[in-house]
Amino acid sequence: FWLKASGESSASTWHRSAVFAAAATAMARHTKKVGITGKYGTRYGAALRKVVKKYEISQRARYQCTFCGKNSVKRAAGGIWKCSAKTCQKIIAGGCWQISTIAATTARSTIARLKKAQGGEDK
């Protein structure tokens with residue numbers, strides 16, 4: 001919307017309003033709610049973008065290395081995780097989106113419980 005400069009004739013130049021001038025000089029704003037899924041815009045629906053947001057955040061997060069203890073494990077590919085610490089550089093097989101899946105955690109705890117039970121019977 002253009003506003004005429006005050007006190008000038010109709011043949012005078014037009015100037016932008018103060019609102020648009022302030023918006024043009026301000027820096028770009030970040031997304032408020034959608035976060036990493038802002039790249040999808042209004043496509044695919046809100047519910048699907050919410051699900052994708054959860055997966056994309058978890059896949060791009062850094063996880064703690066079980067070998068060196070540093071918070072430096074990042075996803076290299078689907079199911080392949082690599083520790084980026086200079087002293088470690090281990091490659092770990094894990095879940096596609098998270099380093100450890102719920103099923104793997106359940107299996108690990110079950111195996112530990114059964115080993116503990118077997119160890120108690122032998123003594």
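Which residues is A85 in contact with, leaving aside its neighbours within four places in sequence? I looked this up and found C68, K70 and S72. Contact here means heavy atoms within 4.5 Å.

**Ground rules.** I am working on a predicted model, where local features need pLDDT of at least 70, side-chain atom pairs count only at pLDDT 80 or more, and totals for chains, interfaces and linings use all residues. Residues are numbered from 1 along each chain as its sequence is written, and side-chain values use heavy atoms, with hydrogens and water left out.

**Core.** I next looked up the largest nonpolar core. A85 belongs to this set of 8 residues, together with Y63, C65, V73, W81, C83, C88 and I92. I take a nonpolar core as buried Ala, Val, Leu, Ile, Met, Phe, Trp, Tyr and Cys residues joined through side-chain atoms within 4.5 Å. Buried means under 20% relative accessible area, exposed over 50%, and partly exposed in between (1.4 Å probe, protein chains only). W81 is buried, at a relative accessible area of 0%.

**Sheet.** I then traced the strands. Three of them form an open sheet, ordered β3-β4-β5, with antiparallel pairing. β3 (73–77) and β5 (91–93) are the edge strands, each pairing on one side only. β4 (residues 80–83) pairs with β5 over 3 bridges. K82 stands opposite I91 in β5. Two strands pair if DSSP finds at least two bridges between them. Strands (E, at least two residues) and helices (H or I, at least four) are DSSP runs, numbered from the N terminus.

**Aromatic pairs.** I counted 3 aromatic pairs. Rings of Phe, Tyr and Trp (its six-membered ring) pair if their centres lie within 6.5 Å; planes under 30 degrees apart are stacked, over 60 edge-to-face, the rest tilted. Y55 and W97 make a tilted pair, 5.6 Å centre to centre with 50° between the planes. Y55 lies in helix α2 (residues 46–60) and W97 in the loop between β5 and α3 (102–122), so this pair ties together parts 42 residues apart in sequence. Y55 is partly exposed at 35% relative accessible area, and W97 is partly exposed at 37%. For Y63 and W81, the centres are 5.4 Å apart and the planes at 90°, so I log the pair as edge-to-face. Y63 sits in the loop between α2 and β3 and W81 in strand β4, 18 residues apart.

**Charges over rings.** The charged end of K54 sits over the ring of Y55, 5.2 Å from its centre. K90 lies over the face of F67, at 5.0 Å from the ring centre. The rule asks for NZ of Lys or CZ of Arg within 6 Å of the ring centre and within 35 degrees of the ring normal.
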